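Let's take a friendly tour of a protein model. Have the sequence and the 3D view ready, and follow along.

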Amino acid sequence: YLDASPSPFHAVDVAARLLVERGFTEVAETGPTPTDPGRYVVRRGGSLIAWASDVVTRRAPHPPFRVVGAHTDSPNLRIKPRPDWTRAGWQMLGVEVYGGALTNSWLDRDLGLSGRVAVRDASAPGGVGQRLFRTDDPVLCVSQLAIHLDRTVRTEGLQLNDQQHL
């Protein structure tokens, strides 16, 4: 599950597929809510709701209703809506920190890219569809400034400004 879930959107996709494989029926968020007894799941972006209404006890005065909800919220760097920019001749990708990431742990690592992308799709409402995307190839890196260019790092520690340094 963890290896197949590099982004919150992938995690919801995997969880929904696992539930469907175990007998849940996926329901469109914009469709009617089922009233028949059964097990159902609905997803919306990085959120998932699953519920079950019990067939056996449905005749009781107050039939039980079980709901499990989840919101995937893992620390990550999210690409900004207008991400492309250049500084000192370097092509850069603007990101924002999400979920309380410890940013120094992202430095000087080869990073892949995953998440949800918008694509042109004539069959989708408004001509725009969404797809899950993932590459584990090392396509990105958040480089740390060389130590001789940051003389205060030894006395003050690493001070990262999320807007300027990531």
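## A patch on the surface

Which residues form a nonpolar patch on the surface? In this predicted model, the patch is made of Tyr1, Leu2 and Leu18, which together have about 340 Å² of accessible area. Leu2 sits in the segment before helix α1. Leu2 counts as exposed because its relative accessibility is 71%, and the cut-off for exposed is over 50%.

## Salt bridges

Side chains of opposite charge can pair when their charged atoms come close. A search of the whole structure turns up seven salt bridges. One of them links Asp13 and Arg17, with the closest N and O atoms 3.1 Å apart. These two residues are four apart in helix α1, so about one helical turn separates them. Asp13 is buried, at 19% relative accessible area, while Arg17 is partly exposed, at 44%.

Another salt bridge joins Arg44 to Glu29, and here the closest N and O atoms are 3.3 Å apart. Arg44 belongs to strand β2 and Glu29 to the loop between β1 and β2, so the pair ties together parts that are 15 residues apart in sequence. Next, look at Asp136 and Arg134, whose closest N and O atoms are 3.1 Å apart in their salt bridge. Salt bridges with shared partners also join Asp13, Arg17, Glu26 and Arg43 into one network.

## A hairpin and a ring

Now find strands β5 and β6, which pair in the antiparallel sense over eight bridges. Asp84 has Leu93 in β6 as its bridge partner. Two residues lie between the strands of this hairpin, and Ala88 takes a positive phi near 50°.

Finally, Arg78 lies over the face of Tyr98, 3.6 Å from the ring centre.

Definitions and conventions:
Residues numbered from 1 in each chain as written. Predicted model: local features only at pLDDT ≥ 70, side-chain atom pairs only at ≥ 80, totals over all residues. Heavy atoms only, no water. Pairing = 2+ DSSP bridges. Lys NZ or Arg CZ within 6 Å of the ring centre and 35° of its normal. Patch = residues over 30% accessible without salt bridge, like charges linked within 9 Å, V, L, I, M, F, W, Y side chains within 5 Å. Areas by Shrake-Rupley, 256 points an atom, 1.4 Å probe, with all protein chains shown as cover. Salt bridge = Lys/Arg side-chain N within 4 Å of Asp/Glu carboxyl O. Buried < 20%, exposed > 50% of the residue type's maximum accessible area, 1.4 Å probe, protein only.
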